[in-house]
Amino acid sequence: MNRRPFSAAAAGLLAGLAAVFGGTPSAQGPPYDLLLRGGRIVDGTGSPWFRGDLAVRGDTIVRIAPEIGDPATRVIDVSGLTIAPGFIDIHTHARRGIFEVPTADNYARQGVTTLMEGPDGSSPVPLAPFLAKLEGLKRSVNIGTFIGQGSIRSEVIGSVNRPSTAAELDKMRALVEAGMADGAFGLSSGLFYVPGTFTPTSEVVELAKVAGRLGGIYISHMRNEAAGVVDSVKETIAIGELGGLPTQVTHHKIIGKPYWGRSVETLRLMDEARARGVDATLDAYPYTASSTSISSALLPASALEGGRAQTLARLKEPSSRAAIKKEIVRAIEEERGGGDPKNVVLASCGWDASLAGKNLSDVARLRSFAASVDGAADATLWIVEQGECQGIFHAIGEEDLERILRHPSTMIGSDGEVPIFGRANPHPRSYGTFVRVLGVYARDRKVLALEEAVRKMTAFPAQRLGLLDRGLLRPGMKADIVVFDPARVRDAATFERPHQYAEGVVRVIANGHVIVENGAMTAARPGVVLYGPARRAR
Ligand SMILES: [Zn+2]
């Protein structure tokens, strides 16, 4: 190199550039800690892959070039394999399991290196102790969180159906502000759930304004994903527009056969909003079944108001029991039940592990209820009375799913959790979302180009979250990297056998450290806790 620094400032600048581009070997030892040689680089931008070498020093990508000849502490031949940025999952329920399995093997082994928590309006309040507890954990992957509108409302008002008073609204605003100051990336809502469902739009807007002022986004599990899905998309867009912040429809789907096809209209609404300057985006998971609790999916919100004791009291009273049952029948026929009790499968029941994997018709038979939707509604009431279960609901159409995945404003999010391996019968999305998009929707069905699929898992969510040093393969970016075999990458987890790790993911690197090697977890725990814009600005 023939650089001749002509001033101290220029010398400093050149040293900085050299550090970024890796041009100057350090005084002792090889210039790079890690060199990936000969892979197909899919850089996260959506541009076509190119062949190249990629060098890492510390936790940072320092050089990408057609060929890097300098020595490295560790050289890995990745010829024939694809290199992409580590995947960023914008919607997880990772606090279900992350403290039991801090390595989050189900995610890491798919190539996910960043998890976002606090979705669907549900987060710890306040966030600081939760974030401190995460800091104390030896993690494999990075984790950040949203602050939840439902949890805040529950804290201030309880789970009752009424608008807030001015004093309560002030208290909720202060809690959003505190959550953002603690490090949230924005405000999440679950307007489908109790108590989110009791929140008027205007109240959500007031809280969204606080998150927006502090640089956060709004991300929503909408009020209704079935009959009311179009109105709910309008509401989500309006909250972004009136709140003055980016807005996201999370896990977008159309639930219930009578409503299939409505994604044509919901996506048109998103396009129109973007055209007029509203920063509205979406995420989705690649499955035609959803998962949540049996009671939130099949019982009306009015039955759940006030908490479990009140729900049980309503079920004891014959006329309200009959009214609730009628709503359950409707939900099975037209909405989450997918028109057939066999389409509702129990994922886990804390009070009886043997029920996992059974569907509502099986439960009706076990309990000697009628072999009909009416009997399935009785089985549902019995389950709720025993103590609740998580369910899986097969009620989403493949055409809507593909249309939503293909949309340029849709990114990928799993809506999964960190399962205890082998326990219960969780939705396979926790083990398979990202590799299913790569294997099934990109390679096999060609719904997406591989590069576009990778963009939806990397640069796009990173941009959404303001994670400007992740999500791309570029010198200067954090070294979160996945190496996979494009011919073999696939999801092995099925609804029948969900506890199956991803296949074809050869190596995963987080912050410069290899966390998955030849398909198995290493001892490295380089994951960091990520903080949102208000805390970063402090
Ligand atoms: Zn949700």
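A: On a 1 Å grid over the protein atoms alone, a cavity is a set of points where a 1.4 Å probe fits but cannot get out, whereas a pocket is an open set with protein on both sides within 12 Å along at least five of seven lines; a lining residue has an atom within 4 Å of a point. Points are joined across faces, edges and corners, and the volume is the space filled by probe spheres set on them. By this rule, there is one cavity of 30 Å³ or more.

The model is predicted: local features need pLDDT of at least 70 and side-chain atom pairs count only at pLDDT 80 or more, while totals for chains, interfaces and linings use all residues. Residues are numbered from 1 along each chain as its sequence is written, and side-chain values use heavy atoms, with hydrogens and water left out.

The largest cavity has a volume of about 60 Å³. Its lining is formed by His-251, His-252 and Lys-253, by Ala-284, Tyr-285 and Tyr-287, and by Ile-396, Leu-401 and Ile-404. By class, this lining comprises six nonpolar, two polar and one charged residues; Ala, Val, Leu, Ile, Met, Phe, Trp, Tyr, Cys and Pro count as nonpolar, Asp, Glu, Lys and Arg as charged, and the others, Gly among them, as polar.

Turning to the open spaces, the largest pocket has a volume of about 650 Å³. A set of 33 residues lines the largest pocket, and those nearest its centre are Asp-120, Ser-122, Tyr-193, Val-194 and Ser-296. Two or more lining residues are given by each of helix 4 (149-156), strand 14 (289-293) and helix 9 (294-298); helices (H or I, at least four residues) and strands (E, at least two) are DSSP runs numbered from the N terminus. Strand 14 supplies the largest share of this lining, with four residues. In the lining of the largest pocket, 18 residues are polar, nine are charged and six are nonpolar.

The second largest pocket holds about 500 Å³ of space. Its lining has 23 residues, and Ser-348, Glu-417, Ile-420, Arg-423 and Ala-424 are the closest to its centre. The elements that contribute two or more residues to the lining of the second largest pocket are strand 15 (344-348) and helix 16 (429-444). By class, the lining of the second largest pocket has nine nonpolar, eight polar and six charged residues.
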